[in-house]
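Please read the points below alongside the sequence and the structure, as a colleague's note for someone meeting this entry for the first time.

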Amino acid sequence: MSLLFEPLRLRELNIPNRVWLAPMCQYSATDGLPNEWHLVHYGARAAGGFGLIVAEAAAVAPEGRITPYDVGLWDDAQVGAWHRVVDFARAQGAAMGVQLAHAGRKASTRRPWEPRDGSLKPDEGAWQTYGPSDQPFPGYTAPIGLTTEQVAAIPEKFAQAARRAHEAGFDVVEIHAAHGYLLHQFLSPLTNPRTDEYGGSARNRARLLLEVAEAIRTRWPDEKPLLVRVSATDWLPEGLTVDDVSLVAAQLGSRGVDLVDVSSGGLLPAPVETGAGYQVPLAHRLREKAGLPVAAVGLITSPQQAEQVLVDQCADAVLIGRPALRDPHWPRRAAHALGVTTSEPPQYERGLW
């Protein structure tokens, strides 16, 4: 028996296994619309055996895109384009999720493979960015600090994006509150110098994220799971720690969040000692402190390593990132390595081990 290939039930959704595809931006959309690239990319990984696919960060507003090539769910016109991708992935047996995001001060940038770092220039299609204050991310154009009224309007943008996700057929929505994007910017004392009800105390800094979760639950069906991705630590002195984030996660649980996807960093440049499974201890600590199911991610590369994360009760599922870019069939190879028999698409049966 393998824990990795045990189903996991969240609300009314039965996810067939605990090998999940981590959200990884493809930076390949036009006007926020997923296209053939996304159909093939996610479709291949659905056929490859991932139990849950969490599609890349979909912007809840045009100004919330990381790059001009991000997908989105800010417009009803994007629903139909997503529906095609979702329908195909679900037909392969995978559950399909999407990450809802706003990049805040880290928006309006180039794709990672394009030359030059930093923000877009005006002649490259740059747009105005926003954040908790006018403090820029190092090397980026300074944002405009959001007014209290503008901050209070953000949860409804996430809620409307969740409504569109439901209309597109998604099974799961994940709130992106990690990696230095807008909700993380509000959460961390290192990037939130505000003095209104959205800044100052830990309670106030968490207010926007909690309001987003509450707003999404007004539009997202009760029977469908809601996840949140967090950076469990900023890896910096006086930044967020896993114990800080665990307290917020517990509050999220009381607001309808079902599982926490535990990542780290991204707020500011920081010295991070990476290594195999380096974020798993963070997931374990948060699981113990917050009392919520968690998923672990980050340099989990082998089937045996992924299985051990579950055996050790460090997490309830694992998210596979870069290895899945190299091998869309990572879960099927993992099942073979762990001695688990899985059903194969009939088109691929001739390639069985």
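1. Arg332 counts as buried in this predicted model, because its relative accessibility is 10%, which is under the 20% cut-off. Its side chain meets that of Glu344 in a salt bridge, at 3.7 Å from N to O, and this pair links distant parts of the chain, with Arg332 in helix H10 and Glu344 in the segment after helix H10, 12 residues apart. Glu344 is likewise buried, with a relative accessible area of 16%.

2. A salt bridge also brings together the side chains of Arg333 and Asp327, at 2.7 Å from N to O. Here Asp327 is buried, with a relative accessible area of 15%, whereas Arg333 is partly exposed at 44%.

3. Across the whole structure the search finds 18 salt bridges. One of them joins Asp76 to Arg163, whose closest N and O atoms are 3.1 Å apart; since Asp76 lies in the loop between S4 and helix H2 and Arg163 lies in helix H3, the pair ties together parts that are 87 residues apart in sequence. Asp76 is partly exposed, with a relative accessible area of 45%.

4. As for the fold, 8 strands form a closed barrel in the order S3-S4-S5-S8-S9-S10-S11-S12, with parallel pairing, and the twist averages 30° from one strand to the next. Helix H5 (residues 202-219) lies across S5, S8 and S9, running at about 165° to S8.

5. On the cysteines, the disulfide count comes to 0. Cys314 is buried at 10% relative accessible area, while Cys25 is partly exposed at 22%.

How values were computed
Residues numbered from 1 in each chain as written. Predicted model: local features only at pLDDT ≥ 70, side-chain atom pairs only at ≥ 80, totals over all residues. Heavy atoms only, no water. Pairing = 2+ DSSP bridges. Helix = DSSP H or I, 4+ residues; strand = E, 2+ residues; numbered from the N terminus. Axes fitted to C-alpha atoms, helices over the stretch in contact; angles between N-to-C directions. Contact = heavy atoms within 4.5 Å. Disulfide = S-S within 2.5 Å. Buried < 20%, exposed > 50% of the residue type's maximum accessible area, 1.4 Å probe, protein only. Salt bridge = Lys/Arg side-chain N within 4 Å of Asp/Glu carboxyl O.
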